[in-house]
Amino acid sequence: MKKGLFILMLIAGFAACKQKETLIEMKQPIDKNATKETVDLYNKLFKSLDRGIMLGHQDALAYGHAWYKEAGRSDVKDVTGDYPAVIGWELGHVEIGAEFNLDSIYFSDMKQYIKDTYARGGITTASWHGDNIVTGNTAWDCKQDSVVRTILTNGSNHAKYLAWLDRVADFFLDLKDKDGKYIPVVFRMYHEHTGNWFWWGNEQCTPGEYKQLWIMTVEYLRDKKNVHNLLYAYSPSETQDEAHFLERYPGDDYVDIVGYDSYVPGKDSTAIAKYKEAMERNLKIVTGYASKSNKIPTIGETGMESIPDSTYFTQVVYPLISQHKIAWVLFWRNAWEKNMPDHFYAPFIGHPSAKDFVEFVNKDNVLMNKDIK
């Protein structure tokens, strides 16, 4: 055999082995028809667990403390010089065909913000506080225990709810990059369901009904509407143990990402102590289950309103999260509304915790947008 031909055969064989290795290494989300970009994000999230923890902020590009809709701005960027790696958005009112969401963000603007984030290499996650379909009031109208039952198959509001899901699907299917490819999004639906403050909560439906609602939604978006750019995130509020965490879990075939929501329940040292205990417990629950079920662990929402503790990020949050492998921690929004001056969870320029926040994001294992490109 000629030497040149032999070398070519070796190269071809090596390439084939590498291709096979890549195929073996690639993990598949629950949607077997997920777009390439969605599969890539899914695998990127798994790989990120060994690099560090991404920082997230809700509504980061749309507004901040005392400002609204200023191009390219973010309170986090103002303070740190970089955008959050993960940006969360809220779809509430997209289901009723409104032009803007619960926090007065126009959906047309939100789509552009998501496109901008994707172009920078950032990640988008979306929650959905859909209205109470029975009363026409908000998601927080939870006095009834029949809303979920009316939505499920053969329920009196089933057809109407599917029309709402059509609008949710249309939103996701309108997210395309400059090349016309669908932008992947983490959909964190029906969250905090172990609490009782939403119409899908633990006092408003049975565990079986909640699971049916989740499965029905996934199957409708994925199989009927052909939305293949979503990763599905399960995010209860604080739970007591793994059994509690899994009480309403719809099954591994319907969840890609697991997490939880936890906030400091006040502004004093006692509240911080309670928060630390809840965070430690829930981090162990979520990362433990993620490890054995091959899911991605996250903190879906967290924070301390108005951040009265100026060392909250380095002395409270960091010691908690640095002990675990989680994909991201998302701090809640910085309200722009004048009647909510204390409703913010990330510092802005001039806030006493700003210096501490900079120290926090400069930790080697805390990842910002520029760190994940």
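The model is predicted. Its largest pocket has a volume of about 440 Å³, and the second largest pocket comes to about 200 Å³. The largest nonpolar core holds 115 residues.

**Largest pocket**
- The lining of the largest pocket is made up of 19 residues.
- Nearest the centre of this pocket lie W140, E192, Y263, E301 and W332.
- Strand 9, residues 261–263, provides the largest share of the lining, with three residues.
- By type, the lining splits into seven nonpolar, seven charged and five polar residues.

**Second largest pocket**
- Here 13 residues form the lining.
- E37, L41, K44, Y118 and P184 are the lining residues nearest the centre of the second largest pocket.
- Helix 2 gives the most to this lining, with five residues.
- Helix 2 spans 36–48, and strand 5 spans 123–127; each supplies at least two lining residues.
- The lining of the second largest pocket has five nonpolar, five charged and three polar residues.

**Largest nonpolar core**
- Within the core of 115 residues, Y161, F172 and F360 have the most contacts.
- Helix 9, residues 269–293, contributes the largest share of this core, at nine residues.
- Leaving aside residues up to four places away in sequence, F360 touches L55, F313, T314, V317, Y318, I321, F331 and V366.

Terms used. Residues numbered from 1 in each chain as written. Predicted model: local features only at pLDDT ≥ 70, side-chain atom pairs only at ≥ 80, totals over all residues. Heavy atoms only, no water. 1 Å grid on protein atoms, 1.4 Å probe; cavity = no way out; pocket = protein on both sides within 12 Å on 5 of 7 lines; lining within 4 Å. Points joined across faces, edges and corners; volume = space filled by probe spheres on them. Helix = DSSP H or I, 4+ residues; strand = E, 2+ residues; numbered from the N terminus. Nonpolar A, V, L, I, M, F, W, Y, C, P; charged D, E, K, R; others polar. Core = buried A, V, L, I, M, F, W, Y, C linked by side-chain atoms within 4.5 Å. Buried < 20%, exposed > 50% of the residue type's maximum accessible area, 1.4 Å probe, protein only. Contact = heavy atoms within 4.5 Å.
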